[in-house]
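Please open the model in a viewer and follow the selections below in order. Each stop names what to select and then describes what is found there.

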Amino acid sequence: RAKADGRGTYRFFETGMDARAQARRLLEMDMRAALQRDEFQPYYQPIRDVASDRVVAFEALLRWNHPQRGLISPLNFIPLAEETGLIIQLGELVLQSACADAATWPDDIGVAVNLSPVQFKNPNLIASVTEALEKSGLAARRLELEITESVLLQNSEATLTTLHDLRAMGVRISLDDFGTGYSSLSYLRSFPFDKIKIDRSFVSELATREDSVAIIRAVTGLGRSLGIVTTAEGVENDAQLELLRREGCTQAQGYLFSMPRPASDVALMLERPRLRASA
Ligand code: C2E
Ligand code: MG
Ligand code: MG
Ligand code: MG
């Protein structure tokens with residue numbers, strides 16, 4: 001019996017592996033077709049200046065509008081897109097659309113675009129940013145590129161050169177998800193970031209954890225002394241916003257103001273300071 005069970009388990013395990021590999025192949029094929037069918041589009045979430053309460057920028061967040069499965073979060077397809085290299089095409093699409101969309105907004109409103117580490121290995125990155133700006137006519141200072149520590153983790157010389165070249169074009173560089181990696185402080189020394197985005201996990205625990213308050217205080221203080229803008233992610237209620245204001249955090253972003261919404265809702269998000277309901 002034990003042997004039979006063992007064999008059964010083994011066979012089940014093999015089938016399981018196979019099913020997973022197959023699911024990945026299907027997802028990859030589906031993504032390729034979806035690119036042809038134009039099912040990917042950036043949604044936009046407002047970023048507000050805490051002191052003045054004004055919207056200063058929107059972050060572009062990629063969505064897959066799947067005909068059967070509905071809206072799919074990037075968390076469910078970006079990892080495979082990075083493995084297969086499809087992220088290059090997707091990243092290109094986000095960059096071009098975000099710059100084109102932002103060029104139609106008031107000219108004091110910026111746009112933030114997330115960049116994958118894989119895009120930094122692509123020698124075309126600078127050319128593609130240049131093209132997005134030239135085609136759209138968007139001023140370089142209105143474009144922010146968000147990168148995570150993982151970008152700096154890979155072959156740093158080439159990456160730093162690329163970051164400095166982007167900076168020289170007038171584009172701003174933000175360090176996303178700050179505090180979730182493992183040696184954040186040294187990264188602040190390796191490149192003069194324009195902005196630090198404090199990870200949502202610290203904001204969501206503000207009410208329940210004293211140490212989260214201490215961490216927010218330390219990071220906003222660090223930003224002030226280094227002359228770097230600080231943005232808190234995932235702000236969901238007024239208590240969190242008040243605390244961030246008290247600690248002198250520069251900007252806030254989160255469901256308290258609005259969920260990410262399609263480009264056609266940007267005017268509405270600029271008009272209505274709080275638009276909590278989901279898109
Ligand atoms: P991120 O860049 O840190 O983006 C913030 C995420 O937090 C977004 O998730 C946003 O919808 C979500 N969020 C914003 N406010 C709140 C809030 O108040 N509460 C909660 N619970 N969540 C909030 P989303 O859109 O699912 O994106 C997840 C991640 O996928 C992003 O994290 C980013 O790393 C990646 N991503 C999104 N779009 C792109 C893209 O165009 N290119 C690349 N390479 N990565 C992208
Ligand atoms: Mg981001
Ligand atoms: Mg983030
Ligand atoms: Mg994040």
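Contact here means heavy atoms within 4.5 Å. This is a predicted model, in which local features need pLDDT of at least 70 and side-chain atom pairs count only at pLDDT 80 or more, while totals for chains, interfaces and linings use all residues. Residues are numbered from 1 along each chain as its sequence is written, and side-chain values use heavy atoms, with hydrogens and water left out.

**Stop one: Gln119**

Select Gln119, which lies in helix α4 (residues 117–120); helices (H or I, at least four residues) and strands (E, at least two) are DSSP runs numbered from the N terminus. Gln119 counts as buried because its relative accessibility is 6%, where buried means under 20% relative accessible area, exposed over 50% and partly exposed in between (1.4 Å probe, protein chains only). Neighbours within four places in sequence aside, Gln119 is in contact with Ile87, Ile88, Gly91, Glu92, Asn114 and Leu125.

**Stop two: helix α3**

Next, select residues 86–102, helix α3. Its 17 residues reach 24 Å from the first C-alpha to the last, close to the 24 Å expected at 1.5 Å a residue; the expected span is 1.5 Å times one less than the number of residues. Buried residues of α3 include Leu86, Ile87, Leu90, Gly91 and Leu93.

**Stop three: α3 against α5**

The axes of α3 and α5 come within 8 Å and cross at roughly 30°. The two helices are therefore roughly parallel, a term for angles under 35 degrees, with over 145 counting as roughly antiparallel, 65 to 115 as roughly perpendicular and the rest as oblique. Axes are lines fitted to C-alpha atoms, for helices over the stretch in contact, and angles run from 0 to 180 degrees between N-to-C directions. Glu92, Leu95, Gln96, Cys99 and Ala100 in α3 meet residues of α5, among them Ser128, Val129 and Glu131.

**Stop five: Glu146**

Finally, select Glu146 in strand β5 (residues 143–147). Is Glu146 buried or exposed? With a relative accessible area of 1%, Glu146 is buried. Residues up to four places away in sequence not counted, Glu146 touches Glu59, Ala112, Val113, Asn114, Leu115, Ser174, Asp176 and Lys197.

Methods:
Chains lettered and ligands numbered in written order.
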